[in-house]
Amino acid sequence: MDIYTDSIRDLAPAEKLRLVEQIWDDLAAEDAPIPLPDWAVTEAARRRDEMLADPELGSTHDEVWKRINESRHG
């Protein structure tokens with residue numbers, strides 16, 4: 001591996017997460033669109049169509065946060 005990859009592997013999990021956050025923030029600040037592979041666009045369209053056909057498949061904002069909190073706190 002190269003020195004950058006080795007350095008990243010040596011970071012603590014919290015430091016790795018902070019690095020990911022910094023990369024994500026940098027991507028969000030870009031004016032250029034982020035390229036998506038065709039399979040991702042196809043999958044997103046499939047899921048959208050599935051939700052439009054049966055909205056009951058979705059979860060409310062509260063349901064999502066409840067699941068997140070339960071997964072964090074057992």
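These are my notebook entries on a predicted model of one chain.

**Ground rules.** The model is predicted, so I took local features only at pLDDT of at least 70 and side-chain atom pairs only at pLDDT 80 or more, while totals for chains, interfaces and linings use all residues. Residues are numbered from 1 along each chain as its sequence is written, and side-chain values use heavy atoms, with hydrogens and water left out.

**Fold.** I looked up the elements first. The chain has four helices and zero strands. Both kinds of element are DSSP runs, numbered from the N terminus: helices are H or I with at least four residues, strands are E with at least two. From the N terminus the order reads α-α-α-α. The radius of gyration is 18 Å, well over the 11 Å that the globule rule gives for 74 residues, so the chain is more spread out than a compact globule. That radius is taken over C-alpha atoms, and the rule is 2.2 Å times the number of residues to the power 0.38. I also noted the box that the C-alpha atoms fill: roughly 50 × 35 × 25 Å along the principal axes.

**Surface.** How much of the chain is buried? I found 0% of the 74 residues buried. Buried means under 20% relative accessible area, exposed means over 50%, and partly exposed lies in between (1.4 Å probe, protein chains only). The accessible surface comes to about 7100 Å², and 59% of this belongs to carbon and sulfur atoms. Such areas come from the Shrake-Rupley method with a 1.4 Å probe; for residues, only the protein chains shown count as cover.

**Charges.** I looked up 9 positive and 18 negative charges, and their mean positions are 5 Å apart. Lys and Arg count as positive, Asp and Glu as negative; His and the chain ends are not counted. Each charge is placed at NZ of Lys, CZ of Arg, CG of Asp or CD of Glu.

**Patches.** Asp25, Asp26, Glu30 and Asp31 gather in a negative patch on the surface. A patch takes residues with over 30% relative accessible area and no salt bridge; like charges are joined within 9 Å, nonpolar side chains (Val, Leu, Ile, Met, Phe, Trp, Tyr) within 5 Å. Glu30 sits in the loop between α2 (13–29) and α3 (38–53). Glu30 is partly exposed at 45%. Ile23, Trp24, Leu27 and Ile34 make a nonpolar surface patch, together about 430 Å² of accessible area. Ile34 also lies in the loop between α2 and α3.

**Salt bridges.** I searched the whole structure and found six. Each needs a side-chain nitrogen of Lys or Arg within 4 Å of a carboxyl oxygen of Asp or Glu.

- Glu50 and Arg46 meet at 3.6 Å, N to O. They are four residues apart in helix α3, about one helical turn. Glu50 is partly exposed at 40%, and Arg46 is partly exposed at 41%.
- Arg48 pairs with Asp49, with the closest N and O atoms 2.9 Å apart. Arg48 is partly exposed at 48%, as is Asp49 at 41%.
- Lys66 pairs with Glu70, with the closest N and O atoms 4.0 Å apart. Both lie in helix α4 (residues 61–73), four residues apart, about one turn. Lys66 is exposed at 52%, whereas Glu70 is partly exposed at 45%.

Which residues do shared partners join into one network? I found Glu43, Arg46, Arg47 and Glu50.
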